[in-house]
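Opening the notebook on this one. I want to go through it piece by piece and jot down what I find.

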Number of protein chains: 2
Amino acid sequence: MHAEEAGAVAGPGAVAGAATTVSGGDDESGPGVGISGSATRQATIYDVAEAAGVSHQTVSRFLRGFEGIRPQTKQRVVEALERLNYRPNLAARSLTTGQSHRLGALTHEISQVGPSKILQGASAAAREAGYLLDIVTLDVSDRRSIDEALELVMQHDLAGVLALASTDEMTEAFEGTDFRVPAYIAAEQDDARGGHPSHLTTVGLPSLIEHLASLGHRKFIHIAGPFTYSAARNRARAYEAAIAQQGLHSEGIVYGDWTASSGYEELGRRLPHLGATAVVAANDQMALGAMLALSESGISVPDDVSVTGIDDIPEAAYFSPPLTTLRVDFAAQGRTAVQELLGLINRTEPLRGPALPSELVPRRSTGRMRGPQS
Amino acid sequence: MHAEEAGAVAGPGAVAGAATTVSGGDDESGPGVGISGSATRQATIYDVAEAAGVSHQTVSRFLRGFEGIRPQTKQRVVEALERLNYRPNLAARSLTTGQSHRLGALTHEISQVGPSKILQGASAAAREAGYLLDIVTLDVSDRRSIDEALELVMQHDLAGVLALASTDEMTEAFEGTDFRVPAYIAAEQDDARGGHPSHLTTVGLPSLIEHLASLGHRKFIHIAGPFTYSAARNRARAYEAAIAQQGLHSEGIVYGDWTASSGYEELGRRLPHLGATAVVAANDQMALGAMLALSESGISVPDDVSVTGIDDIPEAAYFSPPLTTLRVDFAAQGRTAVQELLGLINRTEPLRGPALPSELVPRRSTGRMRGPQS
DNA sequence: CAGGGCTATGTTTCCGGTAACATTTCCGGT
DNA sequence: ACCGGAAATGTTACCGGAAACATAGCCCTG
């Protein structure tokens, strides 16, 4: 619960040398390398049954939580289970039941804050439900890589697949795929195509714009993400809507690729004829790049121009200046997606939480407009 | 291969609304929710055998790449395979062979750049070898969470476990665990405990210090990570060794927790009596925090004080000023770890690449010393 | 042209669970 | 004490592959 924000933040976690565990190591093969094999064969329900003096079926029943077992019998089974340190063999179970208690997650990136947080939330939600999440990354731009990944996923009999589609290509690829198992294609709802716009769109971005407007800004520019990302489209659309609604003026939209580099380049290109006093970037990284471009041109943030991001990555609070941004709860998105998927699998209504709130986090990269800007 | 650095960098990848795939949807349950079930039962080798007019064993043999099959027979099998769109049931296979072609990866965080890149590399390497990587995150500080995760992992019969231990607690927990399968505990080699120090320690950090020394710096301070992290210890030790070796002077070490916040706080605390002109942070985030603390105190980076990080996270190049740092190849670390694990599993010598190079990336946060610093 | 040794293919069994069906045990009522 | 029926437990079959073992077909040799 509280672990996410706790002090246990990862460091570089570098992996270089290695120790090797030995847990039944009776065998030497490589130099200095221990092999950990199971010392004794894993106990099966048959072993347990014999030890308890009952039939294997009784054990099976107990394991599945069947009620009608005499306390005395149950007692014996429990003891045998304990004594033999029984662990179910999920492969065998899934072979008969056809259910596997594992979910596949397809995503294109796990190094970025957004996707990785989503996965973290998804993974946690899955585990709470007794599932394991197999994360498969694929190269969006390479159709073959996508197919390979899908192939892989379909073989490892999964209870369901969570297809995290960020781009149109991915959505398309996923939608054209027969996963043969329940599949939930989680894409940011394309606000233009009906459905409920996200909280970010309806509340978050408008409040961000409002914040800037209240500081005196009237002329804006937006640094969008690639438009193949529905998230980028939504944000851009929400930006325009908010601008229009509040009677402000947009000096235009430039397109980056989510990276700080693109924010730097694209905004830099616009600098000579920059009429705006507020830069609204579609994510924090591009905002960072934009701020550098501005400061290198002798334009002060926030004295001359205000800059905002979206996401609130952990570093954003320590940019120079600290970045005003919208906090997005990615982990919750991951959880939600998993719950939807589990709903599909169990054919029950998933428990749907409230729309995910996005919250304005004002910091020092936005300030009252001043000076004789055009 | 080239995908890692390609333009396909993840954006926020937000997941909010959802589309649902329907691939055999003959059934309606929830409102607007399609269920994708397999239309027809998956073909088995028995089906294929019948279709090809051979025994199931022949099919099985073919699938495993057995040589002695007459071309004509093989032909028939191939056709039947094709026609029935056969996909092996890995659960059944692993039940008999006891091998599962899935690896478990235990880690404590996937949102940070380091760990996530490591996982990405590991995942890719695993997939190339025909394995799927199950990523299980656990809360390091919670012993019960660790146990639960281990329990989960041990049930889902895995071919091996990659235990990514960054902290001593984790190393300890992992070493005290009987995974029953080959397990490779990947911790950054503790340089103090023998073994080959990493490239970062032997070449990277010394060259970083040298870079600073060449700019005239003589007095240093180090912002270390938590000392329960072997990576933090190694970096601190390497820092001290390099300082000593080059006849420089360390004004001390302060301890952060890898976050920008800690860099800000800890360096801020030292500011009043800061004798150093160069700050060497153990990662880029802490360097970022430190730079903010400095600039808020009117100390210019790099004019008054130089700051360096380690890792070279993507944003580092766009900090204000852009951060001089050491680039670390995390993905390669993940690959290596997987290869070691596969070596254990197959009882063969893993193919070991060269030590992972770390490279100095000089940027504008370091500069020639000047002014009347004490 | 029969017999020996391969080679190609088929049959049976097993892996560790679950499901369906069969049987025994227990219990209350008369 | 006996009986019926539900409750508790046991038996058998099956999931989809792979391994062990069995057998049929082939070529070559003497």
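This is a predicted model: local features need pLDDT of at least 70, side-chain atom pairs count only at pLDDT 80 or more; totals for chains, interfaces and linings use all residues.

Side chains in a regular strand alternate between the two sheet faces. For S4(A), residues 160–165, the count is 6 of 6 buried, so I noted the strand as largely enclosed by the rest of the structure.

**Neighbours of S4.** Which strands pair with S4(A), I wondered? S2 of chain A (residues 102–107) pairs with S4(A) in the parallel sense, over 4 bridges. S5 of chain A (residues 183–187) also runs parallel to S4(A), joined to it by 5 bridges. For landmarks, I wrote down A:Leu103 opposite A:Gly160 and A:Leu162 opposite A:Tyr184 in S5(A). I then followed the chain from S4(A) to S5(A): it passes through helix H7 (residues 168–175) of chain A, and this β-α-β crossover is right-handed.

**Rings.** The one I opened is A:Tyr229 with A:Trp258, an edge-to-face pair with 5.5 Å between centres and 80 degrees between planes. A:Tyr229 sits in the loop between strand S6 (219–224) and helix H9 (230–245), and A:Trp258 in the loop between strand S7 (249–255) and helix H10 (260–270), all in chain A, so this pair ties together parts 29 residues apart in sequence. Buried or exposed, these two? Both A:Tyr229 and A:Trp258 are buried. I also noted a charge over a ring: the charged end of A:Arg61 sits over A:Phe66, 6.0 Å from the ring centre.

**DNA strand C.** Last, I went to the DNA. There are 30 residues around DNA strand C, and the ones that come nearest are A:Gln57, A:Ser60, A:Arg64, A:Thr96 and B:Thr73.

H4(A) gives the largest share, 5 residues.

- A polar side-chain atom of A:Arg64 is 2.5 Å from a phosphate oxygen.
- A backbone N or O atom of A:Ile45 is 2.9 Å from a phosphate oxygen.
- A polar side-chain atom of A:Tyr46 is 3.2 Å from a base nitrogen.

How values were computed: Residues are numbered from 1 along each chain as its sequence is written. Chains are lettered from A and ligands numbered from 1 in the order in which they are written. Side-chain values use heavy atoms; hydrogens and water are left out. Rings of Phe, Tyr and Trp (its six-membered ring) pair if their centres lie within 6.5 Å; planes under 30 degrees apart count as stacked, over 60 as edge-to-face and the rest as tilted. Helices (H or I, at least four residues) and strands (E, at least two) are DSSP runs, numbered from the N terminus. Buried means under 20% relative accessible area, exposed over 50%, partly exposed in between (1.4 Å probe, protein chains only). A charge sits over a ring if NZ of Lys or CZ of Arg is within 6 Å of the ring centre and within 35 degrees of the ring normal. Two strands pair if DSSP finds at least two bridges between them. A crossover is right-handed if, with the strands pointing away from the viewer, the path from the first strand over the helix to the second runs clockwise. A residue is near a molecule or strand if one of its heavy atoms lies within 4 Å of it. A polar contact is a pair of N or O atoms within 3.5 Å; within protein, one must be able to donate a hydrogen and the other to accept it, and residues adjacent in sequence count only if both atoms are side-chain atoms.
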